[in-house]
Amino acid sequence: VARRLVANGHRLRLLASGGRGQGAAQNLCLESATADLVSLMDADDRCPADRFSRLRSALEAHRAEGWDAVCSAIQIFGTVSAGMARYVDWQNSLLDPDEILASRFV
């Protein structure tokens with residue numbers, strides 16, 4: 001699919017991370033990005049149409065305070081386990097940049 005899109009003139013660059021997994025692929029994409037801002041979404045994620053414009057506005061409004069990144073709350077769709085629901089509730093409770101930084105590897 002990606003090769004067809006490129007062949008038809010779409011602005012898409014194909015990268016190969018050597019089959020080292022999702023983390024390596026994501027890191028390669030981030031290292032290769034040329035845009036001022038980068039957003040990450042998994043293939044099964046959904047978001048409102050205005051998500052990125054709202055995130056950009058929030059980032060611009062707080063640049064003077066030293067913000068380098070923004071994130072948004074998670075909303076579950078479909079059926080998930082009770083453990084996943086608790087994880088999402090916890091993720092959505094992290095609102096302060098210091099809390100997010102302290103919890104980034106949990």
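Leaving aside neighbours within four places in sequence, which residues is Ser17 in contact with? In the predicted model described here, local features need pLDDT of at least 70 and side-chain atom pairs count only at pLDDT 80 or more, while totals for chains, interfaces and linings use all residues. Residues are numbered from 1 along each chain as its sequence is written, and side-chain values use heavy atoms, with hydrogens and water left out.

Ser17 is in contact with Ala24, Ala25 and Leu28 once neighbours within four places in sequence are set aside, contact being defined as heavy atoms within 4.5 Å. Ser17 lies in the loop between helix 1 (2-7) and helix 2 (22-32). Its relative accessibility is 14%, so Ser17 counts as buried; buried means under 20% relative accessible area, exposed over 50%, and partly exposed in between, with a 1.4 Å probe and protein chains only.

Apart from neighbours within four places in sequence, Ser103 is in contact with Trp90 and Leu94.

Across the protein there are 5 helices and 0 strands, where helices (H or I, at least four residues) and strands (E, at least two) are DSSP runs numbered from the N terminus. The pattern along the sequence is α-α-α-α-α. The radius of gyration of the protein is 17 Å, whereas a compact globule of 106 residues would have one near 13 Å; this radius is taken over C-alpha atoms, and the globule rule is 2.2 Å times the number of residues to the power 0.38. Along the principal axes, the C-alpha atoms fill a box of roughly 45 × 40 × 30 Å. Of the 106 residues, 8% count as buried. Among contacts between residues at least 6 apart in sequence, 9% join residues at least 24 apart.

The second largest pocket holds about 430 Å³ of space. A pocket is an open set of points on a 1 Å grid over the protein atoms alone, where a 1.4 Å probe fits, with protein on both sides within 12 Å along at least five of seven lines; lining residues have an atom within 4 Å of a point. The volume is the space filled by probe spheres set on the points, which are joined across faces, edges and corners. The lining of this pocket consists of 14 residues, and Leu12, Arg13, Leu15, Cys29 and Ala33 lie nearest its centre.
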